[in-house]
Amino acid sequence: MNKLIAFLAIPLLLVVILGSALAMWYDTLKIKATISTGDVDVEFRERTGEQIQITEVGEGEEYGKPWVANCSASYAEVEDEDLGNPFGNNDFELNITIENGYPCFGCKVKNLNVYNAGTIPVKFKIVSVTAGLLGGEMYSCIKVLEDSTTYYVCDANNDGKDDINLWGCFTTLEGEQLDPGNFTSFTFETHIKQGAPENSTIIVQIRIRAIQWNEYS
């Protein structure tokens, strides 16, 4: 009985030895992903046939006297508009200047065009609207919604009096989507209030950020 068991075990052992001597055949699949990222890049740019237009409020009216004050607008590189962003500090800003302004004088700037020069759709967000005296502290302007119109009230020297009102359809940029290769246009208006200090230079700064469209909230 013991001999039979030993005899049967021998072929099993040979099978195990033979199996371990065979080469393993195999094939390999590889996945290679090449990812090229786009860029977010918006800029002020004049559109063909649409130069900046300026209307000085009060023309032909006694309180206006636009021939006393002067309003101008241009695109210029004023400062780094997006510190810490190496792709965001090479664009022109919109520079609006009022000289010899006085209460009740206003300035309306039209045909302000923003162009999406990047490859990613963006949505706009008004980050801040501030005002202050030249060389002094900047104070946040107050956003007001009145009769379906949005405007900002600014106290540039923090004395509790309204100095400047800002409005225009730049406020409608909030949440607007701009696709690559397209323009959007807006207007900007400002009005000097009774509380504006004499013989002073008031700086108003509006920061509008273009964010990749799927991250806007």
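**Entry 1: Ile164**

I looked up Ile164 and found it in strand 10, which covers residues 164-167. I note here that the model is predicted. Is Ile164 buried or exposed? Its relative accessibility is 7%, so I put Ile164 down as buried, the limit being under 20%.

Next I listed what Ile164 touches, leaving aside its neighbours within four places in sequence. The contacts are Tyr152, Val153, Cys154, Thr190, His191, Ile192, Lys193 and Ile202. I also checked Gly106, which is 58 residues away from Ile164 along the chain. The C-alpha atoms of Ile164 and Gly106 are 9.5 Å apart.

**Entry 2: the largest nonpolar core**

I then turned to the largest nonpolar core, which has 29 residues. Which of its residues touch the most other members? They are Phe124, Tyr152 and Leu166. I wrote down the strands that each supply at least two residues of this core: strand 3 (70-76), strand 5 (106-116), strand 6, strand 9, strand 10 and strand 12 (183-192). Strand 6 gives the largest share, five residues. As a general remark, nonpolar side chains tend to be buried together in soluble globular proteins.

**Entry 3: aromatic pairs**

How many aromatic pairs are there? The count comes to six. In general, a pair of aromatic rings is described by the distance of the centres and the angle of the planes.

I looked at Tyr102 and Phe105. Their ring centres are 5.6 Å apart and their planes stand at 50°, so I recorded this pair as tilted. Tyr102 counts as buried because its relative accessibility is 18%. Phe105 is buried too, with a relative accessible area of 0%.

I then looked at Tyr152 and Phe170. Here the centres are 6.3 Å apart and the planes are at 20°, so the pair is stacked. Tyr152 lies in strand 9 (residues 149-154), and Phe170 lies in the loop between strand 10 and strand 11 (177-178), so the pair ties together parts 18 residues apart in sequence. With a relative accessibility of 6%, Tyr152 counts as buried. Phe170 has 1% and also counts as buried.

I noted one cluster as well: ring pairs link Phe44, Tyr75 and Phe186.

**Entry 4: charges**

I searched for salt bridges, and the count comes to one. Which residues form a salt bridge? Glu43 forms it with Arg45, and the closest N and O atoms are 2.5 Å apart. I checked the accessibility of both partners. Glu43 has a relative accessible area of 19%, so it is buried, as the limit is under 20%. Arg45 is at 33% and counts as partly exposed.

**Entry 5: a patch on the surface**

Leu134, Met138 and Ile203 make a nonpolar surface patch of about 260 Å². Where is Leu134 placed? It sits in the loop between strand 6 (122-133) and strand 7 (139-140). Its relative accessibility is 61%, so I recorded Leu134 as exposed, the limit being over 50%.

How values were computed: Residues are numbered from 1 along each chain as its sequence is written. This is a predicted model: local features need pLDDT of at least 70, side-chain atom pairs count only at pLDDT 80 or more; totals for chains, interfaces and linings use all residues. Side-chain values use heavy atoms; hydrogens and water are left out. Helices (H or I, at least four residues) and strands (E, at least two) are DSSP runs, numbered from the N terminus. Buried means under 20% relative accessible area, exposed over 50%, partly exposed in between (1.4 Å probe, protein chains only). Contact means heavy atoms within 4.5 Å. Patches are made of residues with over 30% relative accessible area and no salt bridge: like charges are joined within 9 Å, nonpolar side chains (Val, Leu, Ile, Met, Phe, Trp, Tyr) within 5 Å. Accessible areas come from the Shrake-Rupley method with a 1.4 Å probe; for residues, only the protein chains shown count as cover. A salt bridge is a side-chain nitrogen of Lys or Arg within 4 Å of a carboxyl oxygen of Asp or Glu. Rings of Phe, Tyr and Trp (its six-membered ring) pair if their centres lie within 6.5 Å; planes under 30 degrees apart count as stacked, over 60 as edge-to-face and the rest as tilted. A nonpolar core is a set of buried Ala, Val, Leu, Ile, Met, Phe, Trp, Tyr and Cys residues joined through side-chain atoms within 4.5 Å.
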